[in-house]
Amino acid sequence: MPANIPRAVPDFVFVTGNSDKAAEARRIVGASLAVESVDLPEIQSLDPDEVVRAKAMEAWRKLQRPVVVEETSLELAAMNGFPGPLVKWMLEAVGPEGISRCGHALGDARALARCLVFLYDGTREVVGLGLDPGRLVLPARGESGFGWDFVFAPDGCDRTYAELGPEEKDARGHRGRAWRDLLTKLHPRG
């Protein structure tokens, strides 16, 4: 983590039911990050901002304390940004290689990994954004990671997210960028 981001104990809870996302967030933010699994309805929309905001409002309603929620999307250039935040359902239907095959079959393997982390404390909304352009690869590669990590290679890298070690993925990936952006906005220097 860059030295300019404080490692103070966060005064919010990260709401996720995904243990892999929780583990990454704790590596980035610090082991003291509180995580709570709460069943949140997820609106179906191609707008990741709309999805993450709705999740944050519902998490706040249920917990009545400062919350952070995350929305991740994988936007395929060949499909005009689809599946975006609906990637979870496409993964369920066709798996990581199926997603990659779609881009390749349509002649454009470029993709954008996007992550939004959204803090809501009852009045204040703060959004961290992380973008990582890259390309889809075939066949799937790597031993670590989850979701579509096995078929996404960031620009300037010959390895997929699943082939990067946790430190390197956290430093360059969409999720690490989003969390650092949020923390910088919460604790500005200057």
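For charges, I count Lys and Arg as positive and Asp and Glu as negative, leaving out His and the chain ends. I place each charge at NZ of Lys, CZ of Arg, CG of Asp or CD of Glu. With that, the chain has 24 positive and 28 negative charges, and their mean positions are 3 Å apart.

A note on what I'm looking at: this is a predicted model, where local features need pLDDT of at least 70 and side-chain atom pairs count only at pLDDT 80 or more, while totals for chains, interfaces and linings use all residues. Residues are numbered from 1 along each chain as its sequence is written, and side-chain values use heavy atoms, without hydrogens and water.

Next, the fold. I find five helices and seven strands, counting DSSP runs (H or I, at least four residues, for helices; E, at least two, for strands). Along the sequence they run β-α-β-α-β-β-α-β-β-β-α-α. The C-alpha atoms fill a box of roughly 45 × 35 × 30 Å along the principal axes.

How much of the chain is buried? I get 47% of the 190 residues, where buried means under 20% relative accessible area with a 1.4 Å probe, protein chains only.

Technical notes. Buried < 20%, exposed > 50% of the residue type's maximum accessible area, 1.4 Å probe, protein only.
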